[in-house]
Amino acid sequence: MIKIIQGDITTLAVDAIVNAANQVMLGGGGVDGAIHDAAGPELYKACLKVPEVRPGVRCPTGEARITPGFKLSAKYVIHTVGPVYRDGQHGEPEKLAACYRNSLALAAENGCKSIAIPCISTGIYGYPIEDAAKIAVREVKGFLAAKNANDAKGEGRAPSRPQMEVIFCCFSERDAAVYEQLLSCGDPVV
Ligand code: AR6
């Protein structure tokens, strides 16, 4: 199931919230700063423990890492690093799609039944919301469709209810309107 919420992701009582982090993964501005503030200093300590894959990089662009949520209502924070937008011709769409895929896969691996995702890359990293939201919706729908098909195979029947709730958490009314538009005119939501 897909939902759109306009508001502050740090207040949501879901299994996981996604953080639009940077590669060092030790906090920053935007939603990253808000999540660290709300989760408390334990989150910073947990991020420090995530091994660096190379100096100064805990999470390469497009990948995802998981930590507990500490003081948040969410059990987990899934940190992903979106691309910095240049012109859309430098691999940005593929990297952004990978953020959604990898974050959702990590949530599923950790048994999450609900996940809230902000508009990754569309703030400080400058990705145009219309383009980013199309990728987000496509990837989430694809993930849910594949997951439902897979779960149905395992159960030998169609799942009786949606297996994961995915919430697009938009900070602004304008961003929420972009998602509303995409979801209202697209294929049926899984
Ligand atoms: N809840 C939900 N969405 C929020 C919140 C919030 N509390 N605060 C901001 N947003 P950004 P990026 C929205 O800039 O573009 C950081 O410094 C915001 O309106 O947070 O991926 C990191 O450390 C926008 O729609 O992330 C990186 O260095 C969306 O979250 C860099 O910024 C993403 O904006 C990542 O830039």
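The model is predicted: local features need pLDDT of at least 70 and side-chain atom pairs pLDDT 80 or more, whereas totals for chains, interfaces and linings use all residues. Residues are numbered from 1 along each chain as its sequence is written, and side-chain values use heavy atoms, without hydrogens and water.

Next, display the polar contacts, here pairs of N or O atoms within 3.5 Å. A polar side-chain atom of N22 is 2.8 Å from a ligand oxygen atom. For T122, a polar side-chain atom lies 3.2 Å from an oxygen atom of the ligand. At G123, a polar backbone atom is 2.8 Å from a ligand oxygen atom. The protein covers 90% of the 700 Å² of accessible area that the ligand has on its own (Shrake-Rupley method, 1.4 Å probe).

Finally, hide the ligand: the space it takes is the largest pocket. A pocket is an open set of points on a 1 Å grid over the protein atoms alone, where a 1.4 Å probe fits, with protein on both sides within 12 Å along at least five of seven lines; lining residues have an atom within 4 Å of a point. Of its 25 lining residues, A20, G30, V31, G123 and I124 lie nearest the centre.

Note on methods
Polar contact = N/O pair within 3.5 Å; in protein donor to acceptor, adjacent residues only side chain to side chain. Sits in = over half its atoms within 2 Å of the grid points.
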